[in-house]
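Biologist: I have a model open and want to learn how to read it. Where do we begin?

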Amino acid sequence: MKADIHPDYHTITIVMTNGTEYQTRSTWGSEGDKLNLEIDPTSHPAWTGGNQHLLDRGGRVSRFKKRYEGLGI
């Protein structure tokens, strides 16, 4: 195995958007650095189930609803 090809793996502190902190090991930065997140799982709509919009382009959704309205779904 080649010598000196692996990155430096050290402990850093992650700061979430709500201010909570936790320590993890990473190759980012240097030992003891703080990584301030702008988006994290507690605030991003992809993880929190944020607002979803159903766009009706060309009346497709309304045609579908009209076609199957009698099925009781």
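Modeller: With aromatic rings. Rings of Phe, Tyr and Trp pair if their centres lie within 6.5 Å. Keep in mind that this is a predicted model.

Biologist: How many aromatic pairs does the structure hold?

Modeller: One aromatic pair.

Biologist: How is such a pair described?

Modeller: By the distance of the ring centres and the angle of the planes. Here the rings are those of Phe64 and Tyr68, with centres 4.9 Å apart. Their planes stand at 50 degrees, so the pair is tilted. The cut-offs matter: under 30 degrees would be stacked, over 60 edge-to-face.

Biologist: Is Phe64 buried or exposed?

Modeller: Exposed means over 50% relative accessible area. Phe64 has 52% relative accessibility, so it counts as exposed. Tyr68, at 36%, counts as partly exposed.

Biologist: Now the strands. Why is S1 largely enclosed by the rest of the structure?

Modeller: Buried means under 20% relative accessible area. S1 covers residues 10–15, and five of its six residues are buried, so the strand is largely enclosed.

Biologist: In what sense do S1 and S2 pair, antiparallel or parallel?

Modeller: Antiparallel, over six bridges, with S2 at residues 21–26. His10 stands opposite Ser26 of S2. The two strands form a hairpin with five residues between them. Look at Gly19 in the turn: its phi is positive, about 100 degrees.

Biologist: And in what sense do S1 and S3 pair?

Modeller: Parallel, over three bridges, with S3 at residues 34–36. Find Val15: its bridge partner in S3 is Asn36.

Definitions and conventions: Residues numbered from 1 in each chain as written. Predicted model: local features only at pLDDT ≥ 70, side-chain atom pairs only at ≥ 80, totals over all residues. Heavy atoms only, no water. Buried < 20%, exposed > 50% of the residue type's maximum accessible area, 1.4 Å probe, protein only. Helix = DSSP H or I, 4+ residues; strand = E, 2+ residues; numbered from the N terminus. Pairing = 2+ DSSP bridges. Phe/Tyr/Trp six-rings, centres within 6.5 Å; stacked < 30°, edge-to-face > 60°.
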